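Please look over the sequence and the model below before reading on.

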Amino acid sequence: MLKFEPLKSNSDLKEIIKAAFDADLSVSGAWGYTQALSTVIESSEVPVKQLEHMLASMRTYIEMNMTLPKEERYGSINLNETKRVQQHVDGLVYDKVTYEITAMREETYTAFINAYKEGLGTEDFDIAEHFEQRKKATITRKEEYWFEVHQTL
């Protein structure tokens, strides 16, 4: 199983998100690896579930792409929610969300995209085989993300 390094936030989560993604989000706390290191959603202009997905995608992209050497980076990163539990602890409300994450090495993904563009519409391009090979090159991982959401309720 592939392991990616947990991100540190040092109470500057909002600034990291602004610098990396040019997004102004009303959040604080940490990257949501545990309840104690949850991401605090202070307010949201979009539905909370949508913001949670965006934050999880940001964390995942930083882990699997931005902090890795170029030859180890992943692309085609997608998150799909598989489980959601809301917990009430000491007067606070947490969403514990599990996502299935799929991705493939960035260089491999680029090669597949180029092969698709070049081959599509040609007689000898086997689209079924192309997508089968893409599927084989894709990794899957499951990750939990903790969000403190009581301020948005």
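**A buried charged pair**

Glutamate 63 and arginine 59 are both buried (under 20% relative accessible area, with exposed over 50% and partly exposed in between, for a 1.4 Å probe and protein chains only). The model is predicted, so local features need pLDDT of at least 70 and side-chain atom pairs count only at pLDDT 80 or more, while totals for chains, interfaces and linings use all residues. Residues are numbered from 1 along each chain as its sequence is written, and side-chain values use heavy atoms, with hydrogens and water left out.

**Salt bridges**

- The side chains of glutamate 63 and arginine 59 meet in a salt bridge at 3.3 Å, N to O (a side-chain nitrogen of Lys or Arg within 4 Å of a carboxyl oxygen of Asp or Glu).
- Because they lie four residues apart in helix α2, glutamate 63 and arginine 59 are separated by about one helical turn.
- Glutamate 63 also forms a salt bridge with arginine 141, again at 3.3 Å, N to O, and this pair links helix α2 to strand β5 (residues 139-148) across 78 residues.
- Arginine 141 counts as buried because its relative accessibility is 6%.

- Arginine 84 and glutamate 52 meet through their side chains in a salt bridge of 2.8 Å, N to O, which joins strand β3 (residues 74-89) to helix α2 between residues 32 apart.
- Glutamate 52 counts as buried at 0% relative accessibility, whereas arginine 84, at 29%, counts as partly exposed.

Note on methods:
Helices (H or I, at least four residues) and strands (E, at least two) are DSSP runs, numbered from the N terminus.
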